[in-house]
Protein chains: 2
Amino acid sequence: MSYQTDPWQLAWRGLDVGSLDRTESSFALSNGHIGLRGTLEEGEPRGLPGTYLNGFYEEHQLPYGEGGYGYPEAGQTVVNVTDGKIVRLLVEDEPLDMRYGRALSHERVLDFRSGTLRRRTEWESPTGRRVTVRTERLVSFTQRAVAAIHYEIEPAEDIQLVVQSDLLANEPIEQRSGDPRVAAALEDPLVADFAAARGSRAVLAHHTRHSGLRMAAAMDHTLHTKDNLRTNIHAEDDLARFTVAVDVRKGERLRLTKYLGYGWSANRSVPALRAQVEAALDGALQTGWEGLLAEQRAFLDRFWAAADVEIDGDERVQQAIRFALFHVLQAGARGETRAIAGKGLTGPGYDGHAFWDTEIFVLPLLTYTVPEAARDALRWRHSTLDKALERAQQLGQRGAAFPWRSINGAECSAYWPAGTAAFHVSGDVAYATAQYVAATGDEDFERECGAELLIETARLWAALGHHDPQDGFRIDGVTGPDEYSAIVDNNVYTNLIAQKNLREAVAACERQPDVARRLEVSDDEVSAWTTAADAMTVPYDRALDVHEQSEGFTAHAEWDFAGTPDSGYPLLLNYPYFDLYRKQVIKQADLVLAMHLRGDAFSDEEKARNFAYYEARTVRDSSLSAGTQAVLAAEIGHLDLAYSYLLEAVFTDLDDLHGNSRNGLHMASLAGAWTAVVAGFGGMRDHGGKVTFAPRTPPALNRLSFRIRLRDTRFSVTVDRDSATYRVDSGPPLHTSHHGEAIVVETGSEVTLPIPPAPEPPKVSQPEGRAPRGRT
Amino acid sequence: MSYQTDPWQLAWRGLDVGSLDRTESSFALSNGHIGLRGTLEEGEPRGLPGTYLNGFYEEHQLPYGEGGYGYPEAGQTVVNVTDGKIVRLLVEDEPLDMRYGRALSHERVLDFRSGTLRRRTEWESPTGRRVTVRTERLVSFTQRAVAAIHYEIEPAEDIQLVVQSDLLANEPIEQRSGDPRVAAALEDPLVADFAAARGSRAVLAHHTRHSGLRMAAAMDHTLHTKDNLRTNIHAEDDLARFTVAVDVRKGERLRLTKYLGYGWSANRSVPALRAQVEAALDGALQTGWEGLLAEQRAFLDRFWAAADVEIDGDERVQQAIRFALFHVLQAGARGETRAIAGKGLTGPGYDGHAFWDTEIFVLPLLTYTVPEAARDALRWRHSTLDKALERAQQLGQRGAAFPWRSINGAECSAYWPAGTAAFHVSGDVAYATAQYVAATGDEDFERECGAELLIETARLWAALGHHDPQDGFRIDGVTGPDEYSAIVDNNVYTNLIAQKNLREAVAACERQPDVARRLEVSDDEVSAWTTAADAMTVPYDRALDVHEQSEGFTAHAEWDFAGTPDSGYPLLLNYPYFDLYRKQVIKQADLVLAMHLRGDAFSDEEKARNFAYYEARTVRDSSLSAGTQAVLAAEIGHLDLAYSYLLEAVFTDLDDLHGNSRNGLHMASLAGAWTAVVAGFGGMRDHGGKVTFAPRTPPALNRLSFRIRLRDTRFSVTVDRDSATYRVDSGPPLHTSHHGEAIVVETGSEVTLPIPPAPEPPKVSQPEGRAPRGRT
């Protein structure tokens with residue numbers, strides 16, 4: 001069984017219990033604040049239930065066999081909070097459970113335009129009674145604290161129905177942590193503070209035992225039915241239940257709308273949180289189900305007008321790219337100074353942590369389509385600046401050292417060679433900041449957050465690096481993006497990201513002298529940044545005529561790809577770090593990512609040679625790679641290969657290519673698919689804040705188009721086989737370039753330009769068995 | 001309060017409760033099989049009680065916040081076994097406890113010639129009754145399973161005395177592990193299997209809960225007193241007690257001898273272990289206390305005749321060097337295919353693990369003085385070869401990868417960058433093997449163990465390294481001796497140790513063709529070893545004209561020594577690894593150790609320049625450094641500095657220079673003091689199996705001499721200000737060289753030769769505040 005192909009929705013027909021866990025991720029609804037995995041209303045069968053609130057976590061001690069100075073002591077893990085999705089049905093005393101009786105038909109549909117998950121199930125109970133259940137649920141983009149479920153039952157004969165609508169806390173779920181202390185911290189993580197029920201409404205409030213965060217969940221209901229019904233409400237510590245018992249005649253329907261309100265806080269009291277979630281409910285009730293649907297659709301209409309990507313030539317790819325855009329939007333839309341986690345709010349993978357993925361892979365999409373979401377994510381980083389400054393100081397550095405992985409901004413990585421040492425994360429934050437400011441011209445943000453982010457991260461590089469008489473400015477002992485290398489000197493990606501960071505900080509100080517003054521940036525400091533940026537070491541192997549991913553990389557032994565069986569991947573589960581680190585095997589784009597983000601630092605010839613060299617050594621045991629490889633493959637002229645990488649990126653979750661989509665969707669890979677289209681086939685670059693295009697369609701497609709917002713200009717780029725059309729829909733005229741030729745496109749008009757033939761690049765190959773995995 | 005200076009003993013007068021823990025380490029008695037910390041007989045006050053059996057450990061899970069392939073899962077920790085040292089005294093119902101009443105005098109003496117710990121305490125009870133207690137205890141060098149305590153009380157008036165002699169298991173001691181699971185594993189680690197008592201004898205048998213090792217402890221007693229006494233014996237799970245109640249008249253003495261028998265096994269049954277320890281007791285009883293004393297003295301007379309070092313010019317140094325020799329002997333004398341742990345059996349430090357320290361710092365002393373002990377320690381390594389082969393395979397290598405830290409031979413390091421990556425440990429085993437074989441000509445050992453050790457370690461290097469067209473044979477991604485660097489390429493020490501290992505393996509295959517055939521060593525394999533050794537990369541910085549500790553080391557930033565306060569040391573407790581690793585700060589001799597062990601690979605000028613360069617960057621946060629720095633300082637002509645390093649090495653424990661002697665003595669530092677004298681001032685080298693001397697006395701001393709056994713030749717070297725005398729006591733004539741001049745010394749005769757003036761070396765300095773810490 002698999003998903004149905006459709007350009008605007010994702011549907012799954014029939015029940016496949018074994019696939020439930022990954023479909024729950026695909027069918028997850030979220031607005032960036034609340035996340036509901038796509039579990040069935042009746043709760044079971046289930047894969048991995050999950051209800052998440054962005055930023056709500058439990059803390060646990062991080063264990064070390066041998067500790068060290070500066071090792072983070074506390075870990076954070078996303079908590080499965082009070083589950084309000086549950087609506088149970090009893091059909092004449094038989095609980096609706098798809099594992100029993102017969103499902104005559106069953107379909108679930110995630111609709112990218114309505115922003116809802118619909119379900120239609122025709123079920124025959126073991127004793128032969130038939131009902132049709134139709135549900136639709138949403139997590140509101142417009143009312144941030146609200147989710148709602150519309151539940152409708154139509155019996156095939158006169159029948160008694162009992163519906164139980166629950167709030168359930170401390171749902172028992174299988175614990176997956178190998179550390180008994182972590183498992184213990186997550187078993188019954190919620191301590192009951194308050195429970196109340198009245199009429200059709202109930203509220204439960206809890207707090208976490210160690211992190212001390214408080215949350216409240218509330219539900220209310222409206223019923224659309226004839227009379228002859230009995231309702232009941234009840235609340236205890238970990239359960240609130242609204243029960244409806246009713247006789248429904250054949251041909252009639254029982255309709256129930258369940259409204260959910262969620263809130264959490266580290267500071268507010270239980271009464272305040274209760275008031276907050278009840279207010280959310282009252283707002284939602286006033287809007288009503290149809291009103292919520294309408295707001296949701298209008299929100300998404302605006303999104304698709306700003307962000308849609310059209311693919312002509314492959315319907316599955318069309319569907320998958322919209323699936324990707326929809327989920328990235330869900331992850332970021334209403335985060336509002338909370339992180340965008342690696343899995344969004346679709347699952348408990350990576351403990352719910354945010355990584356550099358957000359800034360480098362997710363934010364470009366948001367910056368150029370829904371910039372408010374990008375701004376909010378960067379405001380979250382800024383809100384954690386105190387922790388980053390403290391961390392840098394603890395590490396003996398200056399400025400801001402952002403964490404490798406975190407929920408609240410404090411470093412949670414228990415393995416420093418691939419955590420703390422990956423200082424590039426701070427440069428990535430700076431990169432996204434500069435990109436956002438250049439794309440939006442958002443001066444308020446720059447004054448309030450952006451300049452400070454750039455300055456404090458530049459200070460980190462100035463402290464981390466040092467001038468060497470021979471080599472210039474060196475940044476030693478760090479870990480770049482490639483997690484199969486660690487603790488290296490002069491990682492090209494890191495150094496070029498640092499170089500950009502330093503230069504952007506200089507520019508920000510010029511634009512925002514008040515901020516610079518407040519942060520006591522001296523002229524000497526600024527000139528030291530310039531000097532360091534100018535002298536930045538970029539190691540190059542003259543014998544091989546390629547850049548070294550980091551100093552000495554190309555002298556390392558080759559990995560024995562021929563001797564590595566398929567079952568040996570991902571390598572990190574089958575080979576020791578020490579051996580991965582010291583060989584020329586690359587987990588994910590590193591130098592290739594540098595050639596994308598800092599393409600201005602490489603010549604075309606270097607790009608082609610480097611790409612060929614690193615392509616042959618990159619195994620993509622990470623989902624953070626295919627999109628970037630697509631971009632560079634397209635740039636150097638390997639359009640077929642680029643398309644294959646687009647497929648891998650865009651089907652990572654739909655085809656579960658990494659076998660772990662059950663734990664949540666790979667946001668960076670989903671966003672990477674957009675990047676593959678826009679920066680790959682669109683050739684969009686924004687070096688130095690100047691946006692340019694060099695579009696080319698892959699042979700497999702007839703046409704593709706995408707939409708971009710740049711400051712107040714909204715425009716689309718349509719790429720045909722031989723020409724590209726730039727159309728400005730609104731805002732000021734567009735000044736850009738097409739394959740190096742400067743163009744101006746007036747508002748309301750379009751410009752069509754021919755596409756020059758692609759260069760003839762050197763042949764490239766991947767390690768044995770590691771060709772792109774996507775398929776159409 | 002401090003130790004009394006005396007050439008042949010270590011004495012402490014008076015009671016200093018705050019110093020008890022470190023004096024317990026200094027006063028520890030051991031024969032390499034049993035270790036008894038120097039606690040007072042009455043059990044309290046105490047610092048850190050400890051009774052150890054070599055190789056007897058408990059297992060516990062190693063925790064990881066983020067795990068990885070090949071991470072060791074089980075940790076091992078030495079167990080404080082059943083304590084048989086306890087003899088309690090009640091003086092008319094007042095327990096003898098030095099914290100109460102008054103100590104009129106109190107002295108403890110560790111006698112290096114008798115091999116016993118003596119005590120004399122004159123005590124007045126709180127109610128004014130005086131007794132004099134004299135005790136003497138030994139752990140027998142000649143009867144491996146036996147310890148004994150002679151206990152004598154002389155009252156100052158007629159008095160009733162009650163003596164309780166205990167075997168006490170699961171002694172409650174403060175747990176120091178931060179990991180609750182480790183602490184749990186070590187709380188009451190012994191599970192009772194058997195307890196029996198009869199007459200004056202009792203036996204307790206236990207096993208460990210997780211590692212499943214069994215042990216038995218037994219005691220028996222002889223009493224020398226008038227009648228009018230009542231004795232009683234009793235045994236329960238964790239306690240056996242022999243009680244004597246007696247009236248003693250003024251001027252008379254109560255004399256009790258307590259015999260202890262210890263044994264453990266992973267395989268033998270409880271009855272078998274009981275039989276074993278009872279047999280040990282019967283043997284000891286038959287020998288008797290005076291007999292044990294006599295055997296002990298005879299054993300030590302032979303040791304001192306073979307190993308003594310005489311220092312003329314500083315009595316404290318004379319005492320300290322004998323203290324060092326005595327404790328190294330205790331650690332290794334009767335280990336017999338058990339490891340020599342980093343702390344010997346003097347304390348629970350390092351969890352009782354053995355490291356590379358044994359082979360590189362401890363074994364040279366044993367090899368050239370009591371070679372049987374060195375052989376046994378190498379046989380232990382050989383007995384763990386199966387685990388080392390398995391570990392190498394798990395790591396994707398060939399041959400043998402010996403563990404960084406272990407009790408039973410399985411890797412127990414939970415931090416791979418400073419554990420698994422420190423592959424030099426396998427080269428160190430090979431180094432000690434080759435050194436032992438060359439020094440002794442022990443063909444049996446080479447055939448049974450030595451050749452196999454050399455071959456399997458050579459195989460590791462062949463797998464770990466690779467040939468590079470430009471650089472030759474590279475060994476990348478390893479950690480050398482300096483623990484402030486990690487995961488580096490081409491560490492000079494590692495590469496030169498590997499080079500020697502490869503060459504020694506080639507030679508061993510020639511000498512032992514049968515072994516080579518059994519291990520399926522092909523001609524191609526042997527020639528690959530030679531090729532690799534010949535092409536071994538040794539990185540050198542041409543601009544600075546010094547060797548790079550590892551590739552790129554000299555391009556790293558300098559450590560800010562001026563900005564590092566005294567309280568910042570040891571650096572690893574106050575700065576993060578990432579910052580230590582990427583800067584030119586060195587914990588312990590690394591390149592300098594290479595210049596000692598592989599001095600044949602450096603010119604004199606290189607040694608002088610390298611020494612000056614690395615001296616200025618070495619902080620000695622490790623006890624494994626001073627002895628080696630002494631050796632090189634002496635070689636290049638810094639005799640004063642070499643003497644200062646000798647002082648630091650030799651007083652590491654007596655002056656508690658690292659503040660952790662309570663956890664046990666630093667065996668490598670104690671042995672390093674011998675190396676400072678013999679290889680430093682004696683200039684002894686054994687490159688390529690040829691032993692040479694280049695002696696020079698430091699200005700602070702008038703004369704020094706040391707004794708060496710080389711094959712069957714026993715000789716002494718006496719170094720005066722201007723000349724050196726070589727005297728052969730027995731065995732064949734000595735062929736060696738003196739400052740480069742070949743000499744032959746006939747048996748029974750001596751040769752005196754002038755000492756050429758020392759070279760004028762470049763000035764050297766240490767990092768601020770890190771000058772040698774020893775004092776006289």
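Predicted model: local features only at pLDDT ≥ 70, side-chain atom pairs only at ≥ 80, totals over all residues.
Residues are numbered from 1 along each chain as its sequence is written, while chains are lettered from A and ligands numbered from 1 in the order in which they are written.

Back to our pair. H16 covers residues 626-636 of chain B and H17 covers residues 639-650 of chain B; their axes come within 8 Å and cross at roughly 165°. Helices here are DSSP runs (H or I, at least four residues), strands likewise (E, at least two), numbered from the N terminus. Axes are lines fitted to C-alpha atoms, for helices over the stretch in contact, with angles running from 0 to 180 degrees between N-to-C directions.

Which residues of H16(B) and H17(B) make the contact? On H16(B) they include Ala626(B), Ala630(B) and Ala633(B), and on H17(B) they include Leu639(B), Tyr645(B) and Leu646(B). Contact means that C-beta atoms, placed from the backbone, lie within 7 Å. By class, this contact has ten nonpolar residues, two polar and one charged. Ala, Val, Leu, Ile, Met, Phe, Trp, Tyr, Cys and Pro count as nonpolar, Asp, Glu, Lys and Arg as charged, and the others, Gly among them, as polar.

Now to the domains of chain A. The assignment, automatic or from a database, gives domain 1 (3-56 + 72-306), domain 2 (338-538), domain 3 (544-696 + 758-776) and domain 4 (703-754). The centres of domains 3 and 4 of chain A, taken over C-alpha atoms, are 28 Å apart. Nine residues of domain 3 of chain A touch ten of domain 4 of chain A, and the domain 3 side has seven nonpolar, two polar and no charged residues.

Finally, how do the two chains meet? The contact takes 46 residues from chain A and 46 from chain B. On chain A, H13(A) gives the largest share, four residues. That side divides into 22 nonpolar, 14 polar and ten charged residues. 100% of the interface residues of chain A are also interface residues in chain B, so the copies meet through the same surface.

Technical notes. Contact = placed C-beta atoms within 7 Å.
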